[in-house]
Amino acid sequence: MARSIGGSSAEAELAELAPWPNPAPPIGREERAERAAKARTLMGEIGAEALIVGAGPSLRYFAGVGWNATERLVAMVLPRTGEPVMLCPRFELGSLQASLGIEAEIALWEEHESPYALAAQVLGEMGAASLAIDPALPFFAFDGLRAATPDMTLVNGAPVIDGCRMIKSPAELALMSQAKAMTLEVHRRAARILSDGITTTEVRRFIDQAHRALGADDGSSFCAVQFGVASAYPHGLPGEQRLAAGDIVLIDTGCKVQGYNSDITRTYVFGEPSPEQRRVWDVEHRAQAAAFAAVKPGVACEDIDAVARAVLAAAGFGPDYELPGLPHRTGHGIGLSIHEAPYLVRGDKTPLQPGMCFSDEPMIVIPDRFGIRLEDHFHVTETGAAWFTEPQPSLDEPFADRN
């Protein structure tokens with residue numbers, strides 16, 4: 001068995017972990033002001049005089065408020081000229097003020113009042129006749145706004161929000177680099193605790209504890225641990241599995257740092273790999289590398305997917321989404337959302353630009369047998385691409401020697 005798999009325990013590995021040294025600094029007010037300025041430019045391009053952004057990743061992006069959407073409207077209204085206004089339930093005022101990362105007016109509503117009527121009043125005071133809607137705004141909130149602003153032109157705000165969020169700043173890249181480095185360290189240590197009969201639940205619990213020990217926002221943001229046949233299902237099977245010799249081990253997990261996501265998958269074998277496992281792993285490794293090598297500014301996102309599929313097809317997998325082969329896209333954008341625009345998939349013709357960040361994960365599924373997924377992330381540079389974390393070196397040694 002590979003020296004990096006097994007031979008330790010959860011207790012021993014956790015005892016060695018401490019909060020991440022030299023953490024990346026948080027996003028500051030100056031950068032958020034630059035984001036608002038870019039949003040205003042993009043609003044002009046789509047003819048919107050104001051933009052509404054609901055609670056969720058985009059509100060954190062523009063205002064620093066890391067709240068999830070609920071049945072109560074919490075939102076920012078950003079006019080093309082003038083200062084932003086935050087809409088918030090009155091009883092949440094103190095929490096909002098403690099979270100707010102921008103200068104903004106605050107408009108409050110009581111529990112019995114309509115937040116949509118308040119939004120209409122704010123928009124009227126701004127003199128806005130057209131409003132760009134956050135595409136992640138829940139339908140009930142959109143419907144409430146539509147009813148409260150019958151004379152207002154409502155447009156899709158995706159070109160504004162995606163146009164801002166898809167290009168990451170150096171500060172964002174630093175936060176993402178930290179998150180991904182932390183998750184890779186957790187992967188390394190998770191491999192060491194594997195033993196015959198260990199359950200997927202035990203491994204998931206360790207991974208969450210390890211992320212917390214390193215200082216991730218809330219432990220693991222997600223975690224999929226798949227043994228044996230379960231690895232043939234991209235998102236696993238319900239229930240618990242126990243590890244046995246010869247099983248594929250597929251672990252896909254991530255965390256958040258200041259809201260920015262990691263998402264890394266490693267696949268290896270507990271014991272001696274079979275010839276078929278080796279062959280499929282090698283093809284997967286080549287497809288991942290080919291996709292990375294094809295990245296250049298100006299290349300369409302869909303072309304990266306096509307390059308990875310060509311490697312698989314040459315090895316007898318596919319074509320297209322047929323199995324054995326790759327049943328999903330090659331990659332997704334990542335940032336404050338774990339999956340965000342643009343995507344490395346047929347039909348997404350978005351040109352690659354420096355600062356875009358993607359997963360590279362052209363998984364191979366062998367139905368009823370096993371699956372191999374290698375997932376790492378890169379960001380687009382002026383000349384090509386740069387890995388956030390180094391890909392898995394080999395099937396036998398899934399983690400590079402740090403010495």
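## Asp-143 and helix α6

Asp-143 is placed in helix α6, which covers residues 139-148. The structure is a predicted model. Because its relative accessibility is 32%, Asp-143 falls in the partly exposed class. The side chain of Asp-143 forms a polar contact of 2.5 Å with the side chain of Arg-146.

Asp-143 and Glu-172 are 29 residues apart along the chain, and a distance of 33 Å separates their C-alpha atoms.

## The six-stranded sheet

Six strands form an open sheet in the order β4-β3-β2-β1-β5-β6, and the pairing in this sheet is mixed. The edge positions are held by β4 (105-109) and β6 (153-156); each has a single partner strand, so one side of each lacks a neighbour in the sheet. On average, neighbouring strands of this sheet are turned by 25 degrees against each other, with direction ignored.

Strands of a sheet pair through backbone hydrogen bonds, in either a parallel or an antiparallel manner. Strands β1 (residues 50-54) and β2 (residues 75-79) run antiparallel and are joined by five bridges. Within this pairing, Ala-50 has Pro-79 of β2 as its bridge partner.

Helix α7, residues 158-165, lies across β1, β5 (130-133) and β6. The direction of helix α7 is at about 70 degrees to β1.

## Aromatic pairs

The count of aromatic pairs in the model comes to seven. One of them joins Tyr-61 and Phe-62: the ring centres are 4.9 Å apart and the planes stand at 85 degrees, so the arrangement is edge-to-face. Tyr-61 is classed as buried because its relative accessibility is 4%. Phe-62 is also buried, its relative accessible area being 3%.

Tyr-268 and Phe-399 form another edge-to-face aromatic pair, with 6.2 Å from centre to centre and 65 degrees between the planes. Tyr-268 belongs to strand β10 (residues 264-270), whereas Phe-399 lies in the segment after β17 (385-387); the pair therefore ties together parts that are 131 residues apart in sequence. Tyr-268 and Phe-399 are both buried.

## Ring cluster and charges over rings

Phe-292, Phe-358, Phe-378 and Trp-387 are linked into a cluster by ring pairs.

Arg-35 lies over the face of Tyr-61, at 3.9 Å from the ring centre. Tyr-61 thus has two aromatic-ring relations described here, given its edge-to-face pairing with Phe-62 and the position of Arg-35 over its face. Lys-180 lies over the face of Phe-388, with 5.1 Å to the ring centre.

## Ser-359 and its surroundings

Ser-359 is located in strand β13, residues 357-360. Its relative accessibility is 0%, so Ser-359 counts as buried. The side chains of Ser-359 and Glu-361 are joined by a polar contact of 2.8 Å.

Which residues are in contact with Ser-359, leaving aside its neighbours within four places in sequence? They are Thr-330, Gly-331, His-332, Leu-344, Glu-375, Asp-376, His-377 and Phe-378. Phe-378, listed among these contacts of Ser-359, is also one of the residues in the ring cluster with Phe-292, Phe-358 and Trp-387.

Notes:
Residues numbered from 1 in each chain as written. Predicted model: local features only at pLDDT ≥ 70, side-chain atom pairs only at ≥ 80, totals over all residues. Heavy atoms only, no water. Helix = DSSP H or I, 4+ residues; strand = E, 2+ residues; numbered from the N terminus. Buried < 20%, exposed > 50% of the residue type's maximum accessible area, 1.4 Å probe, protein only. Polar contact = N/O pair within 3.5 Å; in protein donor to acceptor, adjacent residues only side chain to side chain. Phe/Tyr/Trp six-rings, centres within 6.5 Å; stacked < 30°, edge-to-face > 60°. Lys NZ or Arg CZ within 6 Å of the ring centre and 35° of its normal. Pairing = 2+ DSSP bridges. Axes fitted to C-alpha atoms, helices over the stretch in contact; angles between N-to-C directions. Contact = heavy atoms within 4.5 Å.
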